[in-house]
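Hi everyone, thanks for coming. Today I'd like to walk you through one protein model, a few residues at a time. Please have a look at it while I talk.

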Amino acid sequence: MAVFSKYNVLDTTCKAYVHPWSDSCTAASLDLLLPCLKESFRIYLIAYSVALIMRKKVPSKVEIKHTILGIIRSCIFLTSHGIGYSAVLCFLRRIFGNFNFLTVSFLPSFLSSIISILIERPSRRGLLSLYVTNVASETLFKMVVSRNLIKPIRYGEVLVFASSIAYLLYFYKGRGLPRDPIYSLLRFLIGPYDEHGFCKEEKLSYPPTRQFVTDDLDFFSKLSIKLKYRFKEMIHKIKILSSHPSCPHPFSCLYYTLQGSSKTFAVGLVLQLALKIIMNFKKLIKRPSNLKNIVLQKEILRLGATFASFTALFRGVACLLRRFRGSDSDLIAIPAGFIAGLAFYLSRDNTIALYFMWKTFQISYNLGVEKGYVVDIPYASVFFHAFSTAILFHVAIVEPENLRPSYWRFLQSMSNGRIAQMDRKCIDAFGLKTSESLAVVLARENKVPILTNH
């Protein structure tokens, strides 16, 4: 009966279902303008700021101008989708005279998403499509699990990430990814030495020169000079340790591993701290003393520890395999990448794991197009973005319990809580217990215990 119930027609009005808080369809859509602008500005301010930080240089006036224009354009894109979704819902109701399983959310979101994504820069459409596709795939997985069709694997996201990163690193070492954004991340994590086409450069390490310490210096100055010399001396001893002739890096394998992991740890630490400050900017303005609590959080170390572990494991395993085989090979990147990918356990996240999985598929598809094995589909990123977004909006309305909590909160912020106020009672006719699902989500977000009848 639940299958046939999906073909039911809902003879309800726009006011009763879409916007019970307003009598006008136009006014209800325009009510979303300010909250959409506010939330989209917050999101893209953080996203574009992180992009500037990752460049690791002071931005020029031209870069700042392009960043500001990019933020404005992205805000218009996201805002138009929020307003358009509500408007298309009511528009389709006027055309068909009722709602059905597709027009209740999926089709309106699909149409408004196609219109809005065309506003965004073409260079960003692929990235946005990749993001919503991996969130949609996670949502579909939850829907299947909730129907008891399959059982999830514990730490499955770690295995997905490790497998995907192993393939990407094999591709990075054997072919290179110069035209893909993920190239910069891989180059940062494992360095340029294992990159395709890198030519080894021989470098010499000279012992540090002992500085002359005079008696007129105070105790701490003398101690500082001695510690600095001892540190340089220790680094020199590590540098001149052995490395296999096939290793592409200068200096010893131990130095190669320690130097890379310490660098990525520092960058991860600074990046995590910067993100925390930006996300808690309002709280810090009101109470600057909260900065101490943010800095002392254990979570601040997590990203740095993940980066450092990944770098150390990949470099260490790659060097050991080169010693074992007696030569270098592109295939080394597969076991080294998989083992390094296990560091993802420290910061495991479904969205990130699925992002790398879909990125693997995307690169494989692009390679297939380049080789002539598959056909290049025009506007594929636009279609996948619209289709995946439609799935997410449909689930948010019909079975919100299966939606990723962070995406539900995003929709709540974008709509100023309107997405939860849409009346689901009429949708219960589809047989998916929508009202109960919404109650579970609201109780979870408000941390209210769910009362059940015994």
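Let me begin with a term we'll need: a polar contact is a pair of N or O atoms within 3.5 Å, where, within protein, one of the two must be able to donate a hydrogen and the other to accept it. One more thing before we start: what you see is a predicted model.

First, the overall picture. How many helices and strands does the protein have? The secondary structure comes to 20 helices and zero strands. The chain has 454 residues, and 43% of them count as buried. The accessible surface of the protein comes to about 25700 Å², and carbon and sulfur atoms hold 65% of that. Now think about contacts between residues at least 6 apart in sequence: 73% of these join residues that are at least 24 apart.

Please find Ser 86, which sits in helix α5, residues 61–96. Is Ser 86 buried or exposed? Its relative accessibility is 7%, so Ser 86 counts as buried. Its side chain makes a polar contact with the side chain of Ser 29, at 3.4 Å. Setting aside residues up to four places away in sequence, Ser 86 touches Val 18, Ala 28, Ser 29 and Leu 32.

Staying in that part of the sequence, let's look at another serine, Ser 24. You'll find Ser 24 in the loop between α2 (14–17) and α3 (25–30). With 32% relative accessibility, Ser 24 counts as partly exposed. Its side chain has two backbone nitrogens to point out. A polar atom of the Ser 24 side chain lies 3.3 Å from the backbone nitrogen of Thr 26, and the side chain also reaches the backbone nitrogen of Ala 27 at 3.2 Å. Ser 24 and Cys 14 are 10 residues apart along the chain, and their C-alpha atoms are separated by 8.9 Å.

Next, a pair of helices. In general, two packed helices are described by the angle between their axes and the distance between the axes. Here I've picked α9, residues 182–190, and α14, residues 300–325, whose axes come within 8 Å and cross at roughly 75°. Angles of 65 to 115 degrees count as roughly perpendicular, and α9 and α14 are therefore roughly perpendicular to each other. Which residues meet there? From α9 we have Phe 188, Leu 189 and Ile 190, and from α14 we have Phe 307, Phe 310, Thr 311, Phe 314 and Arg 315. By type, the residues of this contact divide into six nonpolar, one polar and one charged.

Thr 311 turns up again with our next serine. Ser 261 belongs to helix α11, residues 253–279, and it is buried, with a relative accessible area of 12%. Leaving out residues up to four places away in sequence, Ser 261 touches Ala 308, Thr 311 and Ala 312. A polar atom of the Ser 261 side chain lies 3.1 Å from the backbone oxygen of Leu 258.

Met 143 is in helix α7, residues 122–146, and at 15% relative accessibility it counts as buried.

Most residues other than glycine have a negative phi. Tyr 155 is not a glycine, yet it has a positive phi of about 60°. Tyr 155 lies in the loop between α7 and α8, and counts as partly exposed, at 31% relative accessibility. Asn 416 also has a positive phi, of about 55°, although it is not a glycine. Its loop runs between α18 (405–415) and α19 (418–421), and at 51% relative accessibility Asn 416 counts as exposed.

How values were computed. Residues numbered from 1 in each chain as written. Predicted model: local features only at pLDDT ≥ 70, side-chain atom pairs only at ≥ 80, totals over all residues. Heavy atoms only, no water. Axes fitted to C-alpha atoms, helices over the stretch in contact; angles between N-to-C directions. Helix = DSSP H or I, 4+ residues; strand = E, 2+ residues; numbered from the N terminus. Parallel < 35°, antiparallel > 145°, perpendicular 65-115°, else oblique. Contact = heavy atoms within 4.5 Å. Nonpolar A, V, L, I, M, F, W, Y, C, P; charged D, E, K, R; others polar. Buried < 20%, exposed > 50% of the residue type's maximum accessible area, 1.4 Å probe, protein only. Areas by Shrake-Rupley, 256 points an atom, 1.4 Å probe, with all protein chains shown as cover.
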